[in-house]
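This report walks through one structure for a reader who is meeting it here. Please look at the sequence and the model below before reading on.

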Amino acid sequence: MGWIGESIDSIKSIQIRQLLTQAVSLGMIVTSALIIWKALMCITGSESPVVVVLSGSMEPGFKRGDILFLHMSKDPIRAGEIVVFNVDGREIPIVHRVIKVHERQDTGEVDVLTKGDNNYGDDRLLYAQGQLWLQRHHIMGRAVGFLPYVGWVTIIMTEKPIIKYILIGALGLLVITSKD
């Protein structure tokens with residue numbers, strides 16, 4: 001019985017070590033992703049350096065599912081630039097083109113008016129009630145590049161949560177059953 005008991009204890013200790021190793025590896029992956037995200041925020045000057053286009057309002061330039069890379073510099077925003085902005089009272093940022101720029105003579109601050117390329121009118125109906133212009137604090141960044149279609153993964157997982165749960169379950173099962 002001594003040999004069998006020792007074997008069982010040995011197997012248990014190996015399984016505990018594997019579990020701890022996998023947990024530490026997962027923690028390092030999550031931590032690395034957060035560090036990369038924060039570094040991108042610092043480099044780009046944008047609170048969200050990467051966004052997914054969620055609607056067809058910017059077609060044909062950007063299609064639903066495209067990923068945009070953002071940068072926010074101190075340079076004044078100009079008409080024709082594509083910006084991503086937040087509106088007070090809305091959670092999801094909007095990707096549209098600046099169509100008008102209004103510079104205040106007293107402060108030198110620039111207000112902007114936006115419009116989706118595929119929309120008929122400007123975005124004033126999307127802004128907060130009574131708001132006619134976007135100020136700099138509404139702008140998250142300017143689009144400086146894009147990857148077509150890659151954002152569909154995010155859209156599918158948002159619109160069909162069951163797929164997200166199946167994917168997470170499959171990845172968890174893969175981690176649990178993998179051998180070193």
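An open sheet of six strands, with antiparallel pairing, runs in the order β1-β2-β6-β3-β4-β5, where strands are DSSP runs of E with at least two residues, helices are runs of H or I with at least four, and both are numbered from the N terminus. Because β1 (50-52) and β5 (110-115) stand at the edges with a single partner strand each, one side of each is left without a neighbour in the sheet. From one strand to the next the twist averages 50°, an angle taken between N-to-C directions of lines fitted to C-alpha atoms, on a scale from 0 to 180 degrees.

This is a predicted model, in which local features need pLDDT of at least 70 and side-chain atom pairs count only at pLDDT 80 or more, while totals for chains, interfaces and linings use all residues. Residues are numbered from 1 along each chain as its sequence is written, and side-chain values use heavy atoms, with hydrogens and water left out.

V50 has F69 in β2 as its bridge partner.

Strand β6 (residues 139-147) holds R142, which counts as buried because its relative accessibility is 7%; buried means under 20% relative accessible area, exposed over 50% and partly exposed in between, with a 1.4 Å probe and protein chains only. S46, in the loop between α1 (2-44) and β1, is also buried, with a relative accessible area of 1%. The side chains of both residues make polar contacts, which are pairs of N or O atoms within 3.5 Å; within protein, one atom must be able to donate a hydrogen and the other to accept it, and residues adjacent in sequence count only if both atoms are side-chain atoms.

| Side chain | Backbone oxygen | Distance |
|---|---|---|
| R142 | D75 | 2.5 Å |
| R142 | P76 | 3.1 Å |
| S46 | S48 | 3.1 Å |
| S46 | M140 | 2.8 Å |

Leaving aside neighbours within four places in sequence, S46 is in contact with M41, L70, M72, M140 and G141, contact meaning heavy atoms within 4.5 Å.

The largest nonpolar core has 13 residues, of which I77, V83, F85, V112, Y127, L134 and I139 touch the most other members; such a core is a set of buried Ala, Val, Leu, Ile, Met, Phe, Trp, Tyr and Cys residues joined through side-chain atoms within 4.5 Å. The elements giving two or more residues to this core are β3 (82-85), β4 (94-103) and β5, and β5 gives the most, with three residues.

Methods:
Two strands pair if DSSP finds at least two bridges between them.
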